[in-house]
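Hello,

I am passing a structure on to you, together with some notes on what turned up in it. Please have a look at it before reading on.

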Amino acid sequence: MTTKQLFAKLTAALENDRLETPEPGFRTRLGWAKEFGCGGTKVHEIIQQQTRLGGVICKKFRIQVGGKIQPIPHYKFKV
């Protein structure tokens, strides 16, 4: 592997670890549970139903969870 290839590989790896700020209106399942004032299980059922009906947009944003950066699904209702 040449130095140029190694540099390109390392740069790509660093770009994948960048934090993303969720767009306005997108929240995690637990964020919606707090908003609706109900449990995570009920919100999960609502999100699944609305996803099948096309009423929810789902995107994964890379956020920091504990000490790691992980892609976490965020949801936005189309209403």
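Helices (H or I, at least four residues) and strands (E, at least two) are DSSP runs, numbered from the N terminus. By that count the protein has three helices and two strands, and from the N terminus their order is α-α-α-β-β.

A word on the basis: this is a predicted model, in which local features need pLDDT of at least 70 and side-chain atom pairs count only at pLDDT 80 or more, while totals for chains, interfaces and linings use all residues. Residues are numbered from 1 along each chain as its sequence is written, and side-chain values use heavy atoms, with hydrogens and water left out.

Now the overall form. The C-alpha trace spans about 55 × 25 × 20 Å along its principal axes.

Tyr75 is buried, with a relative accessible area of 15%. Beyond its neighbours within four places in sequence, Tyr75 is in contact with residues including Phe26, Trp32, Ile47 and Val56 (contact means heavy atoms within 4.5 Å). Pro22 lies 53 residues from Tyr75 in sequence, yet the two are 9.8 Å apart in space, C-alpha to C-alpha.

Best wishes

Notes
Buried < 20%, exposed > 50% of the residue type's maximum accessible area, 1.4 Å probe, protein only.
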